[in-house]
Amino acid sequence: MEISGILSAIVIGVVIGVLGRLVVPGRQHIGVLWTIVVGIVAALLGSAIAAGFGVADTKGPDWIEWFIQIALAAVGVAALDRALARR
């Protein structure tokens, strides 16, 4: 992976993390950096899952891939919030 790929993964991860956080109802008790980390992981995992199903490269916007990534980010934000709340 090149530098441009890493930078784009970070930028997309930020967007995915914020969208995932917006999907989760209520107030989350995790910081912005954790949201970004969850978003980056969700973006990478979502891309791999979409590629596995063969829906990663479509003509036009990859809506299914975005939906998978945002859903993974929402699950990640909720799980991390619960894990940190129990501490």
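Contact here means heavy atoms within 4.5 Å. With that in hand, start at the loop between H2 and H3, where Val55 lies. Leaving aside its neighbours within four places in sequence, Val55 is in contact with Ala50 and Ile64.

Some ground rules follow. This is a predicted model, in which local features need pLDDT of at least 70, side-chain atom pairs count only at pLDDT 80 or more, and totals for chains, interfaces and linings use all residues. Residues are numbered from 1 along each chain as its sequence is written, and side-chain values use heavy atoms, with hydrogens and water left out.

Helices (H or I, at least four residues) are DSSP runs, numbered from the N terminus, as are strands (E, at least two). H1 covers residues 3–23. H2 covers residues 32–53. H3 covers residues 63–85.

Compare these with the record. In an unreviewed entry, UniProt lists residues 6–24, 31–54 and 66–85 under "transmembrane region". UniProt positions are given in the numbering used here, feature names are shortened, and annotations may be inferred rather than shown by experiment. In the model, residues 31–54 are 92% helix and 0% strand. The end C-alpha atoms of that span lie 34 Å apart. Residues 66–85 are 100% helix and 0% strand, with end C-alpha atoms 28 Å apart.

Is Ala56 buried or exposed? Ala56 counts as buried because its relative accessible area is 13%; the classes are buried under 20%, exposed over 50% and partly exposed in between (1.4 Å probe, protein chains only). Beyond its neighbours within four places in sequence, Ala56 is in contact with Ala50, Ala51, Asp62 and Glu65. The C-alpha atoms of Ala56 and Ala74 are 20 Å apart, at a separation of 18 residues along the chain.

Now follow H3. Gln69 lies in this helix. Gln69 has 4% relative accessibility, so it counts as buried.

Which residues make up the largest nonpolar core? They are Val24, Ile30, Val38, Ala74, Val77 and Leu80, 6 residues in all. H3 gives the most to this core, with 3 residues. Such a core is a set of buried Ala, Val, Leu, Ile, Met, Phe, Trp, Tyr and Cys residues joined through side-chain atoms within 4.5 Å. Leaving aside its neighbours within four places in sequence, Val77 is in contact with Arg21, Val24, Gln28, Ile30 and Val38.

Leu33 sits in helix H2. At 68% relative accessibility, Leu33 counts as exposed. Its C-alpha atom is 12 Å from that of Leu80, 47 residues away along the chain. The C-alpha atoms of Leu33 and Val55 are separated by 29 Å, though the two are 22 residues apart along the chain.

Finish on the surface. A nonpolar patch there is formed by Ile3, Ile6, Leu7, Ile10, Val11, Ile12, Val14, Val15, Val18, Leu19, Leu22 and Trp66, with about 1000 Å² of accessible area together. Helix H1 supplies the largest share, 11 residues. Patches are made of residues with over 30% relative accessible area and no salt bridge; like charges are joined within 9 Å, nonpolar side chains (Val, Leu, Ile, Met, Phe, Trp, Tyr) within 5 Å. A salt bridge is a side-chain nitrogen of Lys or Arg within 4 Å of a carboxyl oxygen of Asp or Glu. Accessible areas come from the Shrake-Rupley method with a 1.4 Å probe; for residues, only the protein chains shown count as cover. Ile6, in helix H1, is partly exposed, with a relative accessible area of 37%.
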